[in-house]
Amino acid sequence: MMIKLFSIGAALLAAVSSLAAVEPIRIGAIYCDSGELAPLDLPSLAGARTAVALCNRSGGIGGRKVELIHLPTASSAESVAASVRMIVDKFPDVAGFVGLSDSGLALAAGREARRAKKVFITSGATSPLLPKQVGGGFFLACFGDNVQAAAAAEWLWHSKGARRVAVLYDPRRIYTRLLHRYFSAAFEQRGGRITDVVAVRPGGELELPSGLAGDDAVFLSMETASDAQMVIAKLRAAGFRGPVVGGDGYDNPSAWRGNALARDVFFTTHAFPATGPGAAGPDALSDFRRAFRGGVPGAFSGLGYDATRLLIAALQGTDGKLTNRVQNGPALAGVTGRISYAPDSRVPAKPVAIHEAVRPDRTILQLTPAAVPAP
C-alpha cells in the first residue's frame, strides 16, 4: 500500500513539475509609465493586467499561463519603439502586443511590431489612419478620431445649439491635428460655421480668434488635460464664457476634480461602462471591477482590459494566422463596447461618451454619431 501511495505521489509531483516547466504565452504591453501620457497609459496597463489575471484564474490558454511583459517606457516615439524591440529580442516567441493611448507613439511602436511580424492591438490610440499606415496586423480596440469628433459636433449642435464654433489645436501632434480636421468637417456637414482655426501651443502666447465674442463654443484639440487647462485659462481670462469641448485626451479625472477651469468644459471619451447591443453585461462588468487593481477603473483601464481580452481570445483559436483570428473572430462583448471588425476595416464601431469636466467620472450620455467623416 505504501508503495502504491508513493507511486501516486510521485506521479502527481511529476505532473506539477511538468506544468511548471511549460513556457507561458507572453503578451507585450507597451504603455508609458512616465511623461505626459502616463495618466492615460497607466490605467490601461492596469486593465491589461486584470485581463491576464482573470485569464490565468480560468486556466490560461490551453493550460498555459499568460504572462504580460511590460518595460519602463517614457512618453516618446523612441522609447516605445525601443520597448517593442527589447521585448522581441528577449522573447522572440512573444505572441503579440497591446498598448498605447497616443497615435504618434502607436505609429512608432506598431511599425516595430510589424517588422517583427507581430500583431499589435492599440487600446487607446484613436487615429483611424493607423491600420493603413502600419500595415497588416495592426488593430484599434477603440473608436477612431473621426467618430469622436463627429459625436462632439452632433452633441454641440443639438444639446448646446451651437452654430458658430472656433477651433483651436496643437499643430505638433497627430492626434490634435486629426481631431480638429474631423470636427471641422463634421460640424460644417451639419450646416455649422467654423469661424476660425487657430494653431496654439499650450505654454505659448495665445492668438485669440478674431470673432471669439460671437462664437457659441470653442473646440479645443489638445493632447492632455493639462495642455487644455493652460489654454482654457487664457480663454477665460480673455472673457470667453461659452462651452469648451475637446477629445479623449482630456480624460484624466484627477486633473479636473476641484479645478475651477472645469466649468463649462466637456469632452468626448470612450464609453465605460458601455451600454447598448453587444456590450459586456453586468456580470462581466462586476468581474472586471472586482479583479481590478489600481484604484477605480475608468474608460482607459477598460480599454486596456478589452484590448488584452481581444488578443487572448484570438490566441485561444487554432484556425489560420493570428491576424485573421483577430480580424474574423467572434465579436468581443467589451466593457467599453462591442468590438468586431468589418472585412475591410481594422477599426471597430463603438459608442462615444460625453463627459462634463466638473464631474469627470460621470457620463452625460453615450451616442453613436449619425454622420462620420471618412478617415
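Residues are numbered from 1 along each chain as its sequence is written, and side-chain values use heavy atoms, with hydrogens and water left out. The model is a predicted one, so local features need pLDDT of at least 70 and side-chain atom pairs count only at pLDDT 80 or more, while totals for chains, interfaces and linings use all residues.

Let's start with the helix pair. Two packed helices are described by the angle between their axes and the distance between the axes. Here, helix α2 (residues 38-57) packs with helix α10 (residues 282-291) at an angle of about 105°, and the two axes are 10 Å apart. The axes are lines fitted to C-alpha atoms, for helices over the stretch in contact, and the angles run from 0 to 180 degrees between N-to-C directions. α2 and α10 therefore count as roughly perpendicular to each other; that label covers 65 to 115 degrees, with angles under 35 called roughly parallel, those over 145 roughly antiparallel and the rest oblique. On the α2 side, G47, T50, L54 and R57 make the contact, and on the α10 side D287, F288 and A291 do. Contact here means heavy atoms within 4.5 Å. Sorted by class, the contact of α2 with α10 has three nonpolar, two polar and two charged residues. For these classes, Ala, Val, Leu, Ile, Met, Phe, Trp, Tyr, Cys and Pro are nonpolar, Asp, Glu, Lys and Arg are charged, and the others, Gly among them, are polar.

What about the two sides of α10? L285, F288 and A291 are buried. Seen down the helix axis, the buried residues of α10 fall within an arc of 140°, so they line one face of the helix; the arc is that of the directions from the helix axis to the C-beta atoms. On the other side of α10, P282, D283 and R290 are exposed. As for cut-offs, buried means under 20% relative accessible area, exposed over 50%, and partly exposed in between (1.4 Å probe, protein chains only). The buried residues of α10 pack against α2 and also against α11 (299-315).

The peptide bond from F272 to P273 is cis, with omega near -10°. F272 is buried, with a relative accessible area of 10%. Among the residues that F272 contacts beyond four places in sequence are L285 and F288, along with P297, V335 and Q366. F272 and G334 are 62 residues apart in sequence, yet their C-alpha atoms are 9.4 Å apart in space.

Two other loop residues have a positive phi without being glycine. Phi of K117 is near 60°, and K117 lies in the loop between α4 and β4 (119-122). K117 is exposed, at 76% relative accessible area. Phi of D264 is also near 60°; D264 belongs to the loop between α9 (253-256) and β10. D264 is partly exposed, at 29%.

Side chains can reach backbone atoms too. T176 lies in helix α7 (residues 174-189) and counts as buried at 0% relative accessibility. Its side chain reaches the backbone oxygen of D170 at 2.5 Å. A polar contact is a pair of N or O atoms within 3.5 Å; within protein, one must be able to donate a hydrogen and the other to accept it, and residues adjacent in sequence count only if both atoms are side-chain atoms. Leaving aside neighbours within four places in sequence, T176 is in contact with Y169, D170, S221, M222 and E223. H70, in the loop between β2 (66-69) and α3 (77-90), has a polar side-chain atom 3.0 Å from the backbone oxygen of Y31.

Finally, two buried helix residues. L107 is in helix α4 (residues 103-115) and is buried at 12% relative accessibility. Beyond four places in sequence, L107 touches L130, Q133, V134 and I174. V147 is in helix α6 (residues 145-159) and is buried at 17%.

Technical notes. Helix = DSSP H or I, 4+ residues; strand = E, 2+ residues; numbered from the N terminus.
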